Amino acid sequence: MCPWGWDGPACQHDRMAACRSGPRDPGYCGSTVPKNCECYRECYRLYCPPDSPFTGSDLEDVCTHGAGRGLYRAHCYLYNSDSGHPANDSVYPANLNATTWYRHIPEVDGGNRYRKRLRAPELAGAPGKREGALLRPLPLDRCKDRCSEGQGVCVVPHPDAWELSFERNQDNGKGDEEDEDEDEGEDEDKDGATWDDVFEGGEAAEDHKPKEPRPRCWCRLGFKGRTCAELNPESCWFSPDCGGAGTCRSGFCHCRPGRWGLGCGRSVAYQLEVAGQEQQRQEEEEEEEAEEEEEAEEEEEEEAEEAEEEGEEEGALLAPPPSGAGEEEQREEEESGGEEGRGGAKQQQQQQPELPDMRSMHKLQIYMYELPWQVAFPGEFNDADSYRDPIYTAFEHFLRFFLNDTAVRTENPYEASLFYVPLLAYWYAANVGPSNLQVEAVVRYVATHWPFWNRSGGRDHFFFLDNDRGACHPPRELQDGPIKLVHFGLQAAHMEGTTLTNNPEYGCMQVKRDLVVPPYQEFPPRAADYYQWLAGSGGADPDRTNLLFFAGSLRTKDEEYSGGARQAIAAMLAALGDRRPADVEFVEGWVPNYGKHYRAAHFCLAPYGHGWGVRLSEAVSWGCIPVLIQDMVYQPFEDFIPYEEFSVRLPTRDIPRLLDILRSYTPAQRDALRMGLVRWHTAFLWDRGAQGGRAYELTLKGLERRAYNLHTEMWRRRRGRRRGRRRELLAGGGGDAGAAGAHVGLVEAGDEDEVAGASSNGPSADGDRAGRYGGSDGKRVGVQRSSKEGWEGRAGRAVLASDDAGKEEVLADSGVQADEASGLSVVRVKGRD
């Protein structure tokens, strides 16, 4: 696999050359510092569909990445012929008169030529539109050490502006040694002044006057320091040390020989081999060797004749092959080999054998696709901006743990029960962008480069959609097929009058197939100590004196926001006037020290917002009993953790009685709910260190359950047969699943919303449970399994889909060969004709 910007068989082609302002510039597509127009044209080809009829601001609807969607407002330049620079040089011009500036690239208007009407001399030297009020671009020569030759951009911050994204990306810019130097008063470091240095007296001054701001380096992804000279391994957040087998640089792990893939986590690749193909290959190799020997003999004879004629000695050296010949051979070898480690398992076009089935029902095995940078790469959102709000980083934590999970991760796709597609939706669409564009693009790539998606229609594939509304917007075929891991669990049919382009039958997710996981929440440093103390007190906490707490946005004019819950509570409390209780804190907007308010209340409201909300995890982190008012929205892991043990769930229609309901809980009942939090709070914690977070393990548990549901056909891609199939199962005719003893029990459902497969522990429209688990304990019966022991049901372990003898035969016939060129092990798996 090639690092960002480079492609070709030997990674020899610099595709992003026009975007690099210096030899060390990674070459991203941001617009804070305007770039050469040829750079933006390459970005258009990278992120936007070819020959697209969409122009102007309509690019927002068709380009996968924010950098592509914003090209219609990205002005750019070309160097003039007499400037001494190549026309496509992306070094920011020191002399603006040496360049011609354009409003945007020709493709934005549907063209391919730089016409006079696109010229915009008034934009020469103007900052990019997105950061125009905050930063002014400068040539690299204006910054110290030229920002380490392009490892940062040179900018001047506006003296009267404050922008969090500027400082939050640079807050690690000074190391301890640099701080010591500054304390000693060395003048050489003053070019790298902090933001406070921009103001006279700093922010603490009562009446500060702005002084002339100084140029400073704003470091690109992968670099830090005042001149961006230091490597920042945080850019490889998935594996900062590259698994101990490589070096991180700008979000890419450069692996040592024999290792490859994301985080250098791969060492073996698998290639499907058809019966008889080995013999055919050997015969072809023998024929090629014979032909080469004949050619060599002929060449020797010709050389001998030439030597005799020209008086040269016999055996004169041959001229070297023409430039590019070796690359051509390598390209042909790559295209014909089909080895899955180099961009996907391209199957032989002449023969399409049946894929060997080496899957086991006794062990969860997940194969992760290795995607090239052209398909999915965690680069910059804009120049030197790769900041993510921590609440959107749950998938990053999952990926980091998964790369090191040798018990679950497999390098052999033929034995995988599930396939992980790391499509990086948040990196391409952020929290409210059109993530479905990136999803569709990656799925097309996966389906055309590997055979496994088409084998199941993607039903055994999963990916994260951690943006605000999760899976509410993908097209129908992507809603019905793969497993989505989301934070927003809306399952509501026929939601007319909303902006949700959801599936009309089940809304944004289907709970037997998709999985709701918690967002990332950083727990207070002493949360573990508090919960240990709370367990010792039996759940009693005398320091909690308030009944209810909430602080946040209301958006009273947006009826979709929070499903109307926040607005209804605000109206109810406003109607009380002077009778509003003093122990109820309900604040519109932000309050300082949220933790103090969470710690003082018995109950904390947890509505959703524009999409999923973080207040459930926040309440749990502070030991406050969550009050969930989210009609038809499933919560994280709700199909297998008992929310009734640690939370209060109410439908929106009960809001007029909210305070009376909460006051009806006795102290003993509140203590019992807090004891439930003691047992289950780690389910919402991704950090697996001293606080013992279990979110990763429970995510695997949920995926294992969905793989089991898939095998037993608890959800299927069906249309008209859905009702009949469900009635057949409910009537006791379990079909093939029942015959195998795998379907242990069925949820009785009374409405059509359950047709698509309802949870056995989920919310209905009025907030009540849609169904209950059957069995002696009244909670959970049926599939009980762990990652070590595999799936087990009441009747024992499930039966393998294919017999063990066949599997052993396939394994016995598989050979392992070493790839001398790369040091990788290539396992050839035999298929069936």
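Predicted model: local features only at pLDDT ≥ 70, side-chain atom pairs only at ≥ 80, totals over all residues.
Strands, in the sense used here, are DSSP runs of E with at least two residues, numbered from the N terminus, and one of them, β21, covers residues 601-605 and holds His602.

## His602 and its surroundings

His602 has a relative accessible area of 10%, and because buried means under 20% relative accessible area, His602 counts as buried. The side chain of His602 makes a polar contact with the side chain of Arg674, at 3.3 Å.

## The protein as a whole

The secondary structure of the protein comprises 22 helices and 29 strands, and 53% of its 833 residues count as buried. When contacts between residues at least 6 apart in sequence are considered, 66% of them join residues at least 24 apart. The protein has an accessible surface of about 38,400 Å², and carbon and sulfur atoms account for 46% of that surface.

## Helix α8

Helix α8, which spans residues 394-403, is mostly covered, with nine of its ten residues buried. The buried residues of α8 are Ala394, Phe395, Glu396, His397, Phe398, Leu399, Phe401, Phe402 and Leu403.

## Cavities

Rolling a probe the size of a water molecule over the atoms shows where empty space is left. In this structure there are ten cavities of 30 Å³ or more, and the largest cavity contains about 120 Å³ of space. The largest cavity is lined by 15 residues, of which Ser21, Val33, Ser90, Tyr92 and Val153 are the closest to its centre. The strand β6, residues 152-157, gives the most to this lining, contributing three residues. Sorted by class, the lining of the largest cavity consists of nine nonpolar, three polar and three charged residues.

## Buried residues in helices and a loop

Arg20 is found in the loop between β2 and α1, and, with a relative accessible area of 13%, Arg20 is buried. The side chain of Arg20 makes a polar contact with the side chain of Asp14, at 2.9 Å. Leaving aside neighbours within four places in sequence, Arg20 is in contact with Trp4, Gly5, Trp6, Asp14, Asp25, Pro26, Gly27 and Ser90; one of these, Ser90, is also among the residues closest to the centre of the largest cavity.

Arg41 lies in helix α1, residues 37-47, and counts as buried at 11% relative accessibility. Although Arg41 and Pro106 are 65 residues apart along the chain, their C-alpha atoms are separated by 8.3 Å. Beyond residues up to four places away in sequence, Arg41 touches Ile105, Pro106, Glu107, Asn112 and Tyr114.

Leu573 belongs to helix α14, residues 565-576, and is likewise counted as buried, at 2% relative accessibility. The C-alpha atoms of Leu573 and Phe586, which are 13 residues apart along the chain, are separated by 8.4 Å. Leu573 touches Arg580, Val584, Phe586 and Leu659, again without counting residues up to four places away in sequence.

The following table lists C-alpha separations for two residue pairs.

| Residue pair | Separation along the chain | C-alpha separation |
|---|---|---|
| Arg41 and Pro106 | 65 residues | 8.3 Å |
| Leu573 and Phe586 | 13 residues | 8.4 Å |

## Two cysteines with positive phi

Most residues other than glycine have a negative phi. Cys11 has a positive phi of about 55° although it is not a glycine, and the place of Cys11 is in the loop between β1 (6-7) and β2 (13-14). Phi of Cys264 is also positive, near 55°, and Cys264 sits in the loop between β11 (252-255) and β12 (268-273). Are these cysteines buried or partly exposed? Cys11 is partly exposed, with a relative accessible area of 25%, whereas Cys264 is buried, with a relative accessible area of 0%.

How values were computed
Residues numbered from 1 in each chain as written. Heavy atoms only, no water. Helix = DSSP H or I, 4+ residues; strand = E, 2+ residues; numbered from the N terminus. Buried < 20%, exposed > 50% of the residue type's maximum accessible area, 1.4 Å probe, protein only. Contact = heavy atoms within 4.5 Å. Areas by Shrake-Rupley, 256 points an atom, 1.4 Å probe, with all protein chains shown as cover. Polar contact = N/O pair within 3.5 Å; in protein donor to acceptor, adjacent residues only side chain to side chain. 1 Å grid on protein atoms, 1.4 Å probe; cavity = no way out; pocket = protein on both sides within 12 Å on 5 of 7 lines; lining within 4 Å. Points joined across faces, edges and corners; volume = space filled by probe spheres on them. Nonpolar A, V, L, I, M, F, W, Y, C, P; charged D, E, K, R; others polar.
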